[in-house]
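Dear colleague,

Please find below the structure that I was asked to pass on to you.

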Amino acid sequence: MRTQGIIYQLHVIWACARKDFRVALTDRLFTILGLFVPANILIMMSLFVLAGSKAPTAVVMQDNGPYAQAFYQAMSRAHSFSLQITSATEAARKMAAGQIVAVVTVPPDFDTHIQLDQPVQVGVEINNLNTDFTNDIRRAIPLSITSFYAKAFPNLVNVTTRETDLYPHDTDYIPYLAVSILVIALMMGGTLQAGMASAREWENETIKELLLSPASRLAIMLGKMLGALLVGVGSTVVVLVVLVLFLGVVPEHWLELAGFTLLSLLIFNSLGTLLGTLIKQRQPVIALTMGISLPLFFLSGAFGPISFTTPVLQIIAKIFPVYYQIVIMQHAFHNFSLNTLGLPGNLLILGGFAAGLMLLVTLVLQRSTMSH
Amino acid sequence: MKNKAYSQISEFFRATWVIMLKDMQVWLRQPVTLIATVAPAVILILVEILGAQAVGRSPVALVVQDSGPEAARIAQAIRDANVFRLQEVDSAQAQVLLKNLDVVAVVSIPAGFSQRVVAHQAATVDVTVNNLNLDFTNDIRRAVPDAITRYYAAEGDQSPVKISMDEHDLRARDIQLFQYSVLPIVILLLIISGLITGGNAAAREWESATVKELLLSPVPGGAIISGKVLAGFLTSFCLGMLVLLAASGLGWIYPQGIYWLNATLVVGLVALFGASLGVAIGAALRRIMPVIAVSINLSFYLFFLAGGMGVLAFEPEWLQNIAAFVPLTYGTHALQMALFYNSADLLGRDVLVLGLSSLAALALGTVMVRRGMAK
């Protein structure tokens, strides 16, 4: 008798999942958008990442002596500039057109001054649009000066830096950020699909039939979440193809990636189901899901460990699962540990989020009624 | 004859007004959509403000293991550089801070540093950096030499470093990152609000089949389109101006006199562009949900392509070329000029592009609505 009951509930779960999967596929435009939303997010955010790494800078070489050349070489090694040698007129034109953000002028008597140990000024014109970008340039010139002296006059300027890196190689902006973007893409895709599937039942009033049927509400909820999970897996595959094949970001731990993706989808599907059951209308569910995703991305330590940011942001970020998901995904892709909780600690918290949200959905669904 | 013309014009405006009023009332009755429209912009601004303190100033542990005068001077130069959030600790504490990710790097001035400097021997400032992200790593790589340059500069004429920087800034004032981000976010708010409000107002008529009543009524088609565009325009315009007023009150932007007028004109044009495009999308898709999905995706694409979160001049050339075809680029530029620098630099170009884009979107909206009505 009990076995029959379990089989029945499993049947309900599968039937609900299959129905939602099929319905999702019937709304073509929305399915296409839903399926490609995560990939869209990845592309859009990557556009943002393209800026900021190196300042496009014109160098006007009014002296071509060996010291001037050495100074130019020092600038090119400063991790900050995308250099192009131009004439003063061309540099001014490019600056006016907004194609470059700085003009460095090496004066005509640069080598002579250096040889005679006399002071010499390097002209730096900066398009000081905002301090974050401008300060990078302001600090990169001293770096170039120090590097120049360290190489040209090692006995004269003897204070230098000796760098030790914690990781054997640097991780560039895109490989790092792409992982955070993957998480936010999973959030958008997972919440959207599950939220739509739940709200649709209320909008079309088919929830009546479901609630009046002998199926348990838990089974209905699990079925709906499974349906959304299947669509979510499709979206994830699209994003991963872009990530691995086009951006060249290959995970170090594939099994972790698979497991963490499923856990993330489970959380976001629960969140979507909860939103759909509470709001009961698809339109606000879509708007809300898309509306909160971008701010959550910025809030949850997408750009680096949140311990590097302000204490207020750290506290707020820890309220949301997105932060912990970014931490575990960075481990799966780059083997990074972004907080002191370790993988088990982060997974435990995420498991708590998943269980809590599923419990909440069940409770909300238990208490849900529909007026006739 | 004259009376008839007057009556027709009056009828046109009355119908426009009624349709606009109805659409705005429907908009106000959907608080969740309203919140979802405003939330991204407001939360983004809040996140920018809360994180502003940390931008460009990485947390760093400073360990001074030498008690000589040169070590004290270099340590002071590091403090004065004002590029780190410094914690001065001993070596063991520094390692704990680095391990716990409380600091990006440990800067150590080793024992014997002063002696080596005085003896003209190579003296290093040791930097152990958590290089998990090039953004933070490069900040450290730039900041420590900056401090070393300051250390030498303090020697004045005796300094062996004879090269100095003669800086000229193109703009009169520096703008902080969070201030800089406010204006593209206002533009994002305007475009999302315009597209969703205008799009929903149009699509709703088809979805609920009320378009039949509108078509059968003696109201001119132009009034229906105007009313819907006006509803989207007014809601977006009011939201945009509210954010600008709040930003001005908080001292994030510095508009004066006539430049308020420039900013208002630009906000109005972007709102008109968004609302007109929204009506076109709504009339083309005729269902609210695809309209919302398309609107939000399109808004974010336009926002990012217009250099929303970065600085266009830092983007690769191909992206700058694409941005030149995105009307929001000109809206952001005009607002920056008016509200940060009290300048009308290239205002004519910006207004022309925005005006033409709005007209094109309006024409597209009219064609789409008329095509929908004909079916």
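Which side chain of chain A meets that of R141(B) in a salt bridge? In this predicted model, the partner is E163(A), with 2.9 Å from N to O. The rule finds eight salt bridges across the interface of chain B and chain A.

Polar contacts also link the two chains: 46 residue pairs are counted, both residues being at pLDDT 80 or more. On the side of chain B that touches chain A, several elements each supply at least two residues, including α2 (31–52), β5 (163–169) and α7 (177–207). The largest share, 15 residues, comes from α6(B). By type, the residues of this side comprise 59 nonpolar, 24 polar and 18 charged.

As for the extent of the interface, the contact involves 105 residues from chain A and 101 residues from chain B. About 9,600 Å² is buried between the two chains, and carbon and sulfur atoms give 64% of that area. Within chain B, the residues that lose the most area to chain A are R142(B), I163(B) and F314(B), which together account for 9% of what that side buries.

Strand β4 (residues 120–126) of chain A runs parallel to β5(B), and seven bridges join them. Within this pairing, M165(B) in β5(B) lies opposite V122(A).

Finally, one helix of chain A may be noted. Helix α9 (residues 217–246) has 30 residues and spans 43 Å from its first C-alpha to its last, close to the expected 44 Å. After α9(A) comes G248(A), with a positive phi near 70°.

Yours sincerely

Key:
Residues are numbered from 1 along each chain as its sequence is written. Chains are lettered from A and ligands numbered from 1 in the order in which they are written. Side-chain values use heavy atoms; hydrogens and water are left out. Helices (H or I, at least four residues) and strands (E, at least two) are DSSP runs, numbered from the N terminus. The expected span of a helix is 1.5 Å times one less than its number of residues. Contact means heavy atoms within 4.5 Å. Buried area is the accessible area (1.4 Å probe) that two parts lose on being put together, summed over both. A salt bridge is a side-chain nitrogen of Lys or Arg within 4 Å of a carboxyl oxygen of Asp or Glu. A polar contact is a pair of N or O atoms within 3.5 Å; within protein, one must be able to donate a hydrogen and the other to accept it, and residues adjacent in sequence count only if both atoms are side-chain atoms. Ala, Val, Leu, Ile, Met, Phe, Trp, Tyr, Cys and Pro count as nonpolar, Asp, Glu, Lys and Arg as charged, and the others, Gly among them, as polar. Two strands pair if DSSP finds at least two bridges between them.
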